[in-house]
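Q: I have a structure open and would like to go through it step by step. Could we begin with a pair of packed elements?

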Amino acid sequence: MNLPLLSMLVFLAIAMFPALQLVMRSINQPEDSQVIKRTGKIRVAVIAIAMVGAHLAMGYWAIDTLGTAAAYTEAVEWVIPTIVTISLLLVTGLSLLVLATSTHVNQLLRQSNTELESKIRARTEDLQQSRDRALNSEKLLQDIMDSVNAVILVKDLHGSHLLVNTAYERATGLTKAGVLGNKDIDLFPRQIAERFMADDKEVLSSKQIRSTEEKVPHQDGSEHYFWTHKVPLRDSKDRVIGVVGVATDITELKQKERELLEAKKQTEQAMNAKSMFLANMSHEIRTPLNGIMGLANLFYRTSLTRQQKDYLRNILFSAESLMVIINDILDFSKIEAGRMEIRTTPFKLDEIFDNLRAMLSGTASEKGLELLFHCSPDLLQTYVGDPIRIGQIILHLCGNAIKFTEKGHVILSVKQVGRRGEIADLIFEVEDTGIGMPKERQEVLFEPFKQADSTSSRRYGGAGLGLAICKKLALLMGGDIQVVSQPAKGSTFQFQVSLPVKSPSEVNRLNGLSVLIVEDNPASLQTLATSMRDLGAQIRLAGDGRQALEVLQTGHDFQVLMTDWQMPELDGRQLLRKLQSAPQLKPSKVLVLTAYGEEIDSAEMHELGINKVLSKPIMPDQLVNALAAEDISDTNIRGISNGLDTDLTGIRIILAEDNEVNQEISVEMLKDVGAEVLVANNGAEALNLATHEDWDIILMDIQMPIMDGCDATRHIRANSNIPKRPIIALTANVLEADIERYLRLGMSAHIAKPINFEQLFTVILEQLEAYGLHREKRQGYAGQTTSEPAQDESAISAIKLPDKLFTIDRTRGLPNAASKPASYIKALKIYQKTEKDFAAELDTILAKNNLSQARELVHSLKGASGNLGMTVVFKLAAKIEGYLLKNTAVSDADFLELKKLTEASVTDARAIIALNQNVTISVKNKDYLDAKRELLSCLQQSAFISEELIESYRLSARTRIPDKDLDEIVSALEVFDYDEAQKLLDQTG
């Protein structure tokens with residue numbers, strides 16, 4: 001193809017492209033009318049230029065084709081017009097097309113403008129509505145915030161306030177206008193503002209809610225407390241953009257809290273006062289009660305007539321009744337104060353029943369009641385719980401049943417009603433045939449100080465606390481108590497408790513033993529029959545002696561006859577006498593069942609062929625043991641031995657007790673079981689014995705003169721030279737807090753007064769075992785029963801004596817000073833210094849008729865003289881003190897004799913001191929400051945201070961402090977007044 005033709009085609013293409021583009025844009029994008037107008041003109045110009053170029057190219061092509069100018073001229077004549085015509089047509093067509101398109105575009109543009117204006121108006125209306133809604137929402141939000149009582153605030157990231165409500169204005173006294181846009185530092189004191197800002201910063205950094213108590217000052221000077229929650233404020237993209245705070249005014253709550261704290265403080269003070277009162281009351285009652293019960297028990301062990309024993313039993317019963325009331329009051333107080341603790345320990349039900357038998361049988365027998373126990377042998381296993389509290393509940397229920405029953409029976413039974421793994425659900429049931437009670441009285445029965453009947457307190461005694469305590473104890477153990485009763489038809493109390501089972505039952509079976517049971521009381525007969533069947537025996541029953549004879553005459557071969565002793569018409573004695581005349585009818589073994597207190601002497605037992613006498617009520621293990629005690633043919637019965645080991649032979653016991661009655665009782669009981677007793681009249685004497693004597697255990701009274709049991713224990717435990725051995729607290733203080741304090745001081749156990757000596761012996765043995773003090777280690781003391789310390793002959797001979805002595809026996813006094821002559825001489829010096837004015841002090845006290853102070857003075861003289869071997873002074877002082885304790889008049893002759901003997905003892909002490917000036921304590925030379933530091937250390941730790949240390953300090957201080965001050969310090973140390981000694985030492989250089 002030649003060049004002109006190619007050029008023509010190119011120009012034509014150039015012309016066609018913008019034309020087509022213009023057409024297509026007008027069709028596809030009519031809304032862009034302004035752009036179409038502007039670009040349409042340009043495109044038409046481009047088309048025109050392209051067409052001119054095409055024409056020229058066509059001319060050149062024609063010339064090139066025709067080859068001559070003439071040909072060209074000829075061509076021009078028809079080609080050029082043709083081209084021009086085509087071009088004009090094309091341009092015209094394009095122009096018309098553009099014009100039409102422009103018209104269409106203008107129409108579309110007008111339409112678009114109309115639509116756009118409509119949309120703009122609609123959008124403007126929408127924006128206005130949105131703005132109105134926003135304004136309304138902001139107002140609504142503000143209204144909502146203002147309607148809320150809680151303080152609400154909103155801050156930005158910089159801490160400026162964006163929103164606050166009316167409650168904020170009320171809380172601070174500030175206005176919204178003054179708050180918005182400002183920071184905390186602009187509104188509050190710096191210290192408070194910095195705390196607010198620190199909280200905000202923590203919320204922003206942690207992005208977590210923060211709750212805190214804030215104190216906000218008011219413009220009027222008052223302060224309000226708020227509980228504030230601050231949360232991070234987030235935007236739509238979950239970015240933290242500020243803090244929102246909501247605070248509740250708790251000022252009134254804080255005031256209430258302060259009032260409650262004050263009320264709590266007053267309540268605690270009242271509780272402490274009540275506890276102190278109860279503790280003191282308990283102590284003051286228990287101490288003489290211990291003497292009453294102890295002496296009655298000692299007296300009961302002597303040879304007495306039956307009437308005298310009855311009197312003593314009544315004394316003991318009255319004392320025990322008083323003890324029940326004391327314990328009830330203390331228990332109720334502890335429960336109300338939330339201080340009652342339920343302890344857990346392994347135990348067996350038969351142990352509880354044995355204790356109940358001992359405590360209840362006498363009372364039931366005296367009233368002619370049948371007291372019956374029923375416990376399945378399968379339940380004689382080891383449980384885990386609080387046997388003391390369980391026994392306390394059952395004892396009270398049974399005691400009440402006996403109290404309110406005039407005739408008939410009281411039955412205590414226990415049964416298992418469920419088992420969940422190792423947990424057994426038990427019900428203890430106490431059924432009586434007593435007075436019963438109506439429904440309305442049952443509803444208030446377990447409330448404090450309520451009685452079953454309005455006259456019950458006067459008729460039957462009691463404070464109305466027992467059942468309330470039982471109910472609370474049962475609830476504390478996860479159980480409960482209910483009652484079913486009808487007036488004049490008796491009552492049934494049920495105590496439910498769930499207990500873990502520690503070990504399975506080991507039931508001894510009677511393996512088909514053939515037994516005839518003779519009992520006139522139907523309830524007792526049924527209980528015995530059930531127990532024997534449970535044990536596997538084959539039984540026959542007889543309601544009295546005549547029925548028993550009839551059964552025996554049938555020819556049945558019984559192995560055992562169990563018969564009640566007291567029965568109408570034909571009793572147990574008469575039945576056995578009849579069988580003596582018909583030996584072929586008599587079973588090989590005979591057990592007699594008696595009520596409490598009924599005695600059958602050994603001669604009658606032998607005469608009637610009785611193998612065993614059992615006291616009611618009877619437990620299954622008691623039956624098994626009784627039958628196992630004798631060899632019964634064709635049976636295989638294993639007996640159970642439950643003896644208590646109370647042999648204390650060879651055990652050396654320090655008894656610290658200031659009450660002479662209690663001393664007498666305790667020494668007697670302890671000697672009866674083989675113990676050797678060293679008596680201390682106060683804590684200082686106990687400390688001295690513990691320091692210088694060989695001992696195994698200390699029985700420590702708490703409240704004693706000169707030095708009490710707590711201080712003595714503290715000194716003993718702090719002295720490394722005294723061996724670590726058991727110390728048992730003997731005290732009438734039985735509150736839990738007191739017991740815990742004794743244990744913290746280093747005491748090993750606690751026994752409450754009045755003393756249960758069986759319990760005391762058990763605890764002594766347990767403590768000896770715990771401390772590894774086995775009895776074989778004490779064999780060197782076996783057989784010694786004297787309470788006097790061993791004597792050291794060489795030490796005794798080292799003390800020079802005057803020609804005449806009236807009151808002092810050095811052989812008795814020296815061992816109490818650890819057989820050290822120097823210590824004994826020093827003790828005499830102290831005695832003559834403290835007792836030289838005894839007569840004048842006693843006269844002054846008696847002139848004021850202050851018998852309490854006189855007793856204290858005589859008690860102090862008794863202790864001091866006894867320790868130094870002044871036997872005549874000691875005995876007379878003890879006699880007079882006993883009179884004063886009993887408020888018995890003391891004769892003037894006794895007082896005069898005591899004053900004379902005391903003056904004589906002081907004279908004797910001075911004479912011995914004068915002859916033994918060279919007897920000194922061997923001490924190490926110490927620097928004054930070293931000795932003082934050592935003394936102060938001992939005082940601060942309440943540690944024992946040896947005589948050597950006191951003497952070392954005295955010698956080193958002679959040139960440092962005045963003699964008067966030194967004497968005061970040494971005197972305070974010698975009489976164990978450590979507080980005074982420390983105060984005086986602190987005042988010296």
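A: Helices H28 and H31 are roughly antiparallel to each other, a label given to angles over 145 degrees, while under 35 counts as roughly parallel, 65 to 115 as roughly perpendicular and the rest as oblique. The model is predicted: local features need pLDDT of at least 70, side-chain atom pairs count only at pLDDT 80 or more, and totals for chains, interfaces and linings use all residues. Residues are numbered from 1 along each chain as its sequence is written, and side-chain values use heavy atoms, with hydrogens and water left out.

Q: At what angle do H28 and H31 pack, and how far apart are their axes?
A: Helix H28 (residues 838-847) and helix H31 (residues 892-915) pack at about 155°, and their axes are 9 Å apart. Axes here are lines fitted to C-alpha atoms, for helices over the stretch in contact, and the angles run from 0 to 180 degrees between N-to-C directions. Helices (H or I, at least four residues) and strands (E, at least two) are DSSP runs, numbered from the N terminus.

Q: Which residues make the contact between H28 and H31?
A: From H28 they are Phe-838, Ala-839, Leu-842, Asp-843 and Leu-846, and from H31 they are Phe-895, Leu-898, Lys-899, Thr-902 and Glu-903. Contact means heavy atoms within 4.5 Å.

Q: And H16 with H17, at what angle do their axes cross?
A: The axes of helix H16 (residues 545-552) and helix H17 (residues 572-580) cross at roughly 30° and come within 9 Å. That makes H16 roughly parallel to H17. Gly-545, Ala-548, Leu-549 and Leu-552 of H16 meet Leu-575, Lys-578 and Leu-579 of H17.

Q: Stepping back, how many helices and strands does the chain have?
A: The chain contains 35 helices and 22 strands. Of its 989 residues, 45% are buried; buried means under 20% relative accessible area, exposed over 50%, and partly exposed in between (1.4 Å probe, protein chains only). Among contacts with a separation of 6 or more, 65% are between residues 24 or more positions apart.

Q: Where is Leu-699, and why does Leu-699 count as buried?
A: Leu-699 is in strand E20 (residues 697-701). Leu-699 counts as buried because its relative accessibility is 0%. Leaving aside residues up to four places away in sequence, Leu-699 touches several residues, including Ile-653, Leu-670, Leu-730 and Ile-764. Leu-699 and Ile-653 are 46 residues apart along the chain, yet their C-alpha atoms are separated by 7.1 Å.

Q: Which residues of H14 are buried?
A: In helix H14 (residues 466-476), Gly-466, Leu-467, Ala-468, Ile-469, Cys-470, Leu-473 and Ala-474 are buried. Just after H14, Gly-478 has a positive phi of about 80°.

Q: Then what is phi of Asp-238, and is Asp-238 buried or exposed?
A: Phi of Asp-238 is near 65°, a positive value in a residue other than glycine. Asp-238 lies in the loop between strand E4 (223-234) and strand E5 (240-249), and Asp-238 is exposed, with a relative accessible area of 51%. Ile-706 also has a positive phi, near 65°. The place of Ile-706 is the loop between E20 and helix H22 (709-718), and at 52% relative accessibility Ile-706 counts as exposed.

Q: Which residues does a cis peptide bond join?
A: A cis peptide bond joins Lys-616 and Pro-617, with omega about -10°. Pro-617 is in the loop between strand E17 (612-615) and helix H19 (620-628).

Q: Last topic: over which ring does the charged end of Lys-254 sit?
A: The charged end of Lys-254 sits over the ring of Tyr-225, 5.4 Å from the ring centre. The rule requires NZ of Lys or CZ of Arg within 6 Å of the ring centre and within 35 degrees of the ring normal. Lys-471 lies over the face of Phe-446, at 5.0 Å from the ring centre.
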